[in-house]
Every structure is written in C-alpha cells, then in structure tokens.
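Colleague: I am new to this structure. Could you walk me through a few of its features?

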Amino acid sequence: MHAVLSQRRPAFPVSLPARMPLLLLIATAVALSIGSESRSFAAARPRTPNFIIILADDLGYGDLGCYGNTVNRTKHLDRLAREGLRLTDFHANGANCSPTRAALLTGRYQQRTGIEGALGEGARGLLPAELTIAERLRPAGYASALIGKWHLGYHAENGPLAQGFDRFVGHLHGATDYISHVDKYGRMDWWHDAKPVAEEGYNTTLITRHAIAFMEHHQHDPFFLLVSHSAIHFPWMLPEDEPQRIAGERSDDAGGKIGPHLGEPMQPIVQRMIEELDRSVGQIVDALERLRLQENTFLFFTSDNGGIVRQPGLPVSSENRISSNAPFRGQKHSLYEGGHRVPAIAWQPGSIAPGVSSIPAITMDLCPTLLELAGLPLTQSDTAQPLDGVSLKEHLQKGTALPERTLYWRQGDSAAVRQGDWKLVRIHGGPCELYDLRQDPAETSNLAASQSFLVRRLTADYQAWEKSVVPPAGQR
C-alpha cells in the first residue's frame, strides 16, 4: 500500500500555487456531491400534501353521469370517478346545509355545536371556540381558504376568518342571487375576507376563479382549500340571466319561489347549473396539473345533502324535476336515504387507485382524514373536542376496511340510525321504520314488525347517542 502511494507521488515538489487548481477541483467536486445528495434527499422526502374539498350544494346522488345520470353531461367529474375512488355509500351529516358544514369543519356531530338546521337570520352560527380543520392544520404550516358559501353565521365576527381560515371569498348567507350577490334580506353578500365587495360575475365562475388564484399563490406551500359552491341551490339561475334581487329590497324566496325561470321546465335549467359546476371542477383539476400539484394534492368532491326533487307546489314530471336522488327514496330535508346519501369521489393520482367503495362513510370523516394525511395526531390532549369521525386514509389508499360503527342523524323530530345494513328511521315523531339497505336500498319494505328486538336495540342506541351529544349550555 505504501509502495503504491509512494510511486504516485510527484517526482518533484509541487508549490502551493501550483496545487491550487487541484484543490479547487476537489472542493468543487465535493460541494457538487453534497448538493446532489441534498437535492436527492429533498426530492425523496415527501412534501406535505395539499387538500381540496369541493362541496356542491343540494346536488343529488343521481345527478352525475358516474352515478347513472344519462342527461347531465359531467365529463370532468366522471373523469375523477374513473381515475379515483367513487364512494357509493357516502352520507352527509345532515339533510340540509348548515349541519353538514358544521360537521365537515369540526369532524364532530353537528349536534355538539348546537347547529341542527339551516341557519336563519337570527342564528348565532358556529362559535369561535369550535376547533375547525383550518385551525387543526395550522400548526403544520397550512395556508387555508374557504371560497364560496359559508352558511354558519351571518356576521364577519363569526365568519371563516374567525374559524382559522386565512382567506375568504364568497357569501355568508345560505342562498344569494347568482348575479347580483344580494341575499334575501336585501344585503350585498359577497365578501373578500371581512369586507363586502360588489364583484361582477356568476357565483360558480367567481368561486372557481378565486379558488385557482389561491392555489397559484400557495403553490409552494401546503394548503387547505374548501371550494364551497352555491350550485345547485336556488334561486336557480344561469350565467346569462338578469339579477333577481336588488340591494335594499327583501325578497322572500323560501323554497325557491323567485327566479328568472319560474313557470319554465326546471330540468334543463338545473342541468346547465350542474354542467357549470362540472366545468368548475375541470378547471380546478387543470390548474393542479398546470402547477404540477396533482400527485401531491388530495381532492375530495361531495354534496352537503340530497337534492330537491321538484319545486314546491308543482306536479311531479320529468320537466319539473330539479335534482335526482335515484335510486333512493326522499330528498333534501328527509332522513330517508335520498336526503343524505350523496355522491363522493376521492382523487389523488399515484396515491388513490381507481375503484368503487361501498363502505359507509360520512362528512365528519373528512376532518380526521386530512389530519392523518398531514401527519397530525387525531387526538389532541389540549382540546376538549374529540373527533366523532374516523380517518378514511387507509381505506382510500389501501382498501382497508373501516371499524364497525353506528351512525346517527337527527333533524327536528325526525331521526335515523345506521348499523351495518340495517337502518332505523322515524319521521316527524311517527312510528319506527326498519329497512335492510342491502336488500332494499330504496327503503320500500318496512321490517319493523318482524324485527322488533332489533328496533328496540337501535332505539336504545339512538337514545344513548342523543344524550351524549347535548352541547354545553352556552352552545344551545
């Protein structure tokens, strides 16, 4: 060894200046090697995933092509369903707007927050003390935005910015004019953060534009984006329509009794609204791909409740049909399946394989799912707000079964319990109905009389749950 080294020594002494180029060459090679290894390590280290939840409003289970609709052209959502996981037994926490939104943001039954119906003018909304997804993700460095409909409080002090969101563009009320952005009380209800702004444009178009702008601004940061669409909630309007509401004038449109298309067949109007919604999804996915974020972004699409089947007071017909909950019974506000079983698609190329899932899941599961995907604990010792939802991460990515559990719904004097394939329903305080959803998903054959033991057991389970979710006195 020493002989070899001695043979490789120069035959004459080399002065320091003469050796400098060699030293620089060695130093440069070492630096490049270290830099290369550092970049390789950075590339190998997975970046914290981004999250996009797209929440449609009043979209029925049967409104999309990938769920069997043969009229509505929903090619972008159909694409997500082909490339991702389509869920066929996914449920909204509530059968109307506000309860589902409260459950989505908190990961808890909405009854714990005191929000059980669509919030009206005098409602206090979601209390700032409630811990939301945006607040739970903040310690991991997430930027967050809610673009679109809030419907969890009508004042800036209990709006999205008070609940952990960094950015809010959209409307606080449950239903605004799609063109003028005026709510039913005659107020301009289009906000940029904490300020009302008279911004021109169709709700669906504006929501999409601001969602993409947020993605572009935070393309190098982990972000949580809740795209909360107005569509397809009434007033049923198209981009080319004239505004129906004027600032300063109250308009009582409960049940969709105002709008530019009253007296017209509603099916083609709502079809256009659904297709505008689908186009929005396509534009958001295009932006993800343009920014090269698609493989690092978990996207979930769903609806806040089942669809409205027809306008109140009008006869049932194909022309008067608004939304489709096929093949299920019931509609928005109902605790039959059509009121709360909704379309749901999970998409993340490279992480979620194409397929179909028939495992029961519910809106409040999204909060723990995002937390686990972000590497955050699902239980936090510093909070008295434990999660009711369960993480869907392993199921979505690996097909792992979820733990057996019982799911509950309550709306006014109606109630429902889901345990396995069995569902107990009690509508407006009436007699209990029992259905085997595996054999009878349309809930047509009431088995309560022949399964009295099961009825008693599920009733007892429901009563115990009802006691467990009573909110604190200050939240009732």
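**Sheet and helices**

Modeller: Keep in mind that this is a predicted model.

Colleague: How many bridges join β13 to strand β14?

Modeller: β14 covers residues 414-419. It runs antiparallel to β13. The bridges joining the two number six.

Colleague: In what order do the four strands of the open sheet come?

Modeller: The pairing in this sheet is antiparallel. β13 (406-411) and β16 (433-436) each have a single partner strand, so one side of each lacks a neighbour in the sheet. From one strand to the next, the twist averages 15°. The order is β13-β14-β15-β16.

Colleague: How many residues of the contact of α3 with α7 are charged?

Modeller: The α3 side includes Lys75 and Arg79, and the α7 side includes Asp278, Arg279 and Glu289. The contact also has four nonpolar and two polar residues. The charged ones number five.

Colleague: How far apart are the end C-alpha atoms of α7?

Modeller: α7 has 24 residues. At 1.5 Å a residue, the helix should span 34 Å. The model agrees, because its end C-alpha atoms are apart by 34 Å.

Colleague: How many residues of α7 are buried?

Modeller: Buried means under 20% relative accessible area. α7 is mostly covered. Of its 24 residues, the buried ones number 17.

Methods: Residues are numbered from 1 along each chain as its sequence is written. This is a predicted model: local features need pLDDT of at least 70, side-chain atom pairs count only at pLDDT 80 or more; totals for chains, interfaces and linings use all residues. Side-chain values use heavy atoms; hydrogens and water are left out. Two strands pair if DSSP finds at least two bridges between them. Axes are lines fitted to C-alpha atoms, for helices over the stretch in contact, and angles run from 0 to 180 degrees between N-to-C directions. Contact means heavy atoms within 4.5 Å. Ala, Val, Leu, Ile, Met, Phe, Trp, Tyr, Cys and Pro count as nonpolar, Asp, Glu, Lys and Arg as charged, and the others, Gly among them, as polar. The expected span of a helix is 1.5 Å times one less than its number of residues. Buried means under 20% relative accessible area, exposed over 50%, partly exposed in between (1.4 Å probe, protein chains only).
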